[in-house]
Amino acid sequence: MASQKDVLIVGGSSDIGHATALRYVLAGWRVSLAARDLVAARRNADDITARTKAEILVHALDVLQTDKLTDFVNGLPSVPDTVVCVVGELGDQARAQTDPLFAASVLRTNFEAPSLLLGLFAERFQERNSGTIIGISSVAGDRGRGSNYVYGAAKAGFSQFLSGLRNRMALAGKIRVITVKPGFVRSRMTANIKLPAALTVQPDRVADEIFRADVGGRRDAIYVGRRFWFIMTVICLLPESIFKRLRL
Amino acid sequence: MTSLAGWGNYPKISTEILAPGAPASVQQIIGERSGLIARGNGRAYGDAAIGTQFTVSSLGLNRMRSFDRTTGLLTVEAGVTIADILSTFASQGFFLRVVPGTKFVTVGGAIAADIHGKNHHRDGGFGNVVESFRLALPGDLIVTCSRSENSELFRATLGGMGLTGIILDATIRLFPIETGWLRQETRVAHNLDAAIAELGNSTSSTYSVAWIDCLASGPSLGRSLVYSADHATRREQVAVGTGLEPFAPIHHARVAVPDLVPAWLLNRTSVKAFNEMYFRRGAAQEGKPSLVHWDPFFFPLDAISNWNRIYGRRGFLQHQCVIPLDRARTVIPDILDRVSRRGSVSFLAVLKQLGEGSGMISFPLRGYTLAMDFPVTDTLFAFLDEIDSLVVNSGGRLYLAKDARQSRSTFESGYPEIELFRNIRRHTNGNTHLASHLSARLGI
């Protein structure tokens, strides 16, 4: 029997983080969560323990404190086999347009902090020459839309960072970098937004795609909800002269 | 504002939805607001889970807290569904002693309606599996309720339709099972008397229920298939169904009803044909024990998502009454006779035995409960008022979780402890802050 594998889920207080943790536990992995909100992360961990008997380790981590990221990675009891970063904040677009500090925090939460953290894990994985890095980006990063371009621009940056990291790792060794782009997900982040039912998935669907991309697939970038691949391809192909007139 | 309806799609009412993401944020979200009611997964049929101003969705309270595998005590947040509990724990050898006819209800909703199963006459209602719960009262107070702590509030909240407070989490008891199968037997009852007698005789089985052919009339009035079942032991499972796994997975193949089903699809002829086919198929099984997976046994209709849509755009009413034991044999045939003469197409008609209720305004009382579905039409309301008068005269009552239209007087004559319940509401400020359209309509 193969020894138990380790996964670290960063953003462990979120609904997608919770669902992802449960998915890995059910497949026999050892799971730890990292989160800023320890009460919420503990709530998720207790849920998984109640369901499965598995013990979940919870680490305190505020990814926005980027000067502490190196210490966090070096201080982990062991280097995980997989790291999944589900950190994200939708942020209110209208507020982001007029409140630069708020906009900066949306940009940092969705782009800067996750990129820097996963970059550090890439270095550790490279020393060991194994590991999988999974970043949860968004379809919103595929093309800037008037309704959420601050969030979208940050996710675009994150997607490009993962793409570059993947390219470098592919040439250097056995480390995989996977970009997961969910469309609409029913979660706390979207609790107050009306979502189109036919295009909206539950967090456990995202978790399942993440897990399958990790253990089974060779895919580098996946859309959750396959029809989003089609939708985004069409959206990206529209000429800017038309696109700019659409309300999206 | 959002337009909300219960499972029956009648009535549809505007309300503002509040969606706390964790139990800890419930109080902050309700604050000083009034006219609010908690809502679980929207399986109450009528207006019970629509707040007059605000509706507090418990679906974000969907985490389990702890499970003790030696005692079977499970603590979950109020929005965890029975589907979630059973799909997690049945394969680990644990089950819930009381489950309703759909697994898509939340634990909070199950407590609020004190839901009953096919074993109420033996094991009581959902309240009997509840050890304790935490209740958020209007005005920033959280209290723990159990049979020994705040016991009056505990008894008011069981079946209290959310009108005493917002349930945050609950500790309930699971019990061990050897297999995920039920050993089921079918008996044919050629009329209602036989069905009632058969239900009375099947008290040796844990679960029993009768499916009634509502369109049978004359000497066949109330002809039924009576199902009785027990959890199969490993030995029984091997004896009846060799080669089966003790804990087979749930089949997720779910059929969906399309958005717009024409209302004429359900008519006397189509339902009569369906009933005839269903009855014959069931009768062919008579006396032969069979093994049924827990999922289709307890929740046959859950296999068709949105089956409530088959009644069309105007929605439907489920009329569920309970008739006291000594009057059942005269009153239930009278009801069925009127339904049959009206030519109503009740796709679903179910007869079960009930025991004593456990909450102040819990539905069950010792007797027989009859549940029938009717598509909403202009003439339906007057017809159901006529049925209600039979129920009231027998000393029976209607199930609040199904109700969308009973009158105040029907309600008050059926629930003798209502004044005690109102006192509790006054005591906890429930009367000034918590209000559903059901409570406003019935003056609870």
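In chain B, strand β11 (residues 181–189) and strand β15 (residues 290–293) run antiparallel and are joined by 4 bridges. This is a predicted model, so take it as a computed picture. Let's walk through some strands of chain B and then a helix pair in chain A.

**Strand β11 and its partners in chain B**
- Along the pairing with β15(B), W181(B) has H293(B) as its bridge partner.
- β11(B) also pairs with strand β13 (residues 224–231) of chain B, through 8 bridges in an antiparallel arrangement.
- In that pairing, T186(B) stands opposite Y227(B).
- β11(B) is mostly covered, with 7 of its 9 residues buried.

**An open sheet in chain B**
- Follow the order β1-β2-β4-β3 and you trace an open sheet of 4 strands with mixed pairing.
- β1 (2–4) and β3 (36–39) of chain B are at the edges with a single partner strand each, so one side of each has no neighbour in the sheet.
- From one strand to the next, the twist averages 50°.
- Strands β2 (residues 13–18) and β4 (residues 54–57) of chain B run parallel, joined by 3 bridges.
- For E16(B), the bridge partner in β4(B) is F54(B).

**Two helices in chain A**
- Helix α5 (residues 100–128) and helix α6 (residues 149–172) of chain A pack at an angle of about 10°, and their axes are 8 Å apart.
- Because angles under 35 degrees count as roughly parallel, α5(A) is roughly parallel to α6(A).
- The contact residues divide into 16 nonpolar, 5 polar and 3 charged.
- Among them are L107(A), F111(A) and L118(A) in α5(A), and F158(A), F161(A) and L165(A) in α6(A).

Conventions:
Residues numbered from 1 in each chain as written. Chains lettered and ligands numbered in written order. Predicted model: local features only at pLDDT ≥ 70, side-chain atom pairs only at ≥ 80, totals over all residues. Heavy atoms only, no water. Axes fitted to C-alpha atoms, helices over the stretch in contact; angles between N-to-C directions. Parallel < 35°, antiparallel > 145°, perpendicular 65-115°, else oblique. Contact = heavy atoms within 4.5 Å. Nonpolar A, V, L, I, M, F, W, Y, C, P; charged D, E, K, R; others polar. Pairing = 2+ DSSP bridges. Buried < 20%, exposed > 50% of the residue type's maximum accessible area, 1.4 Å probe, protein only.
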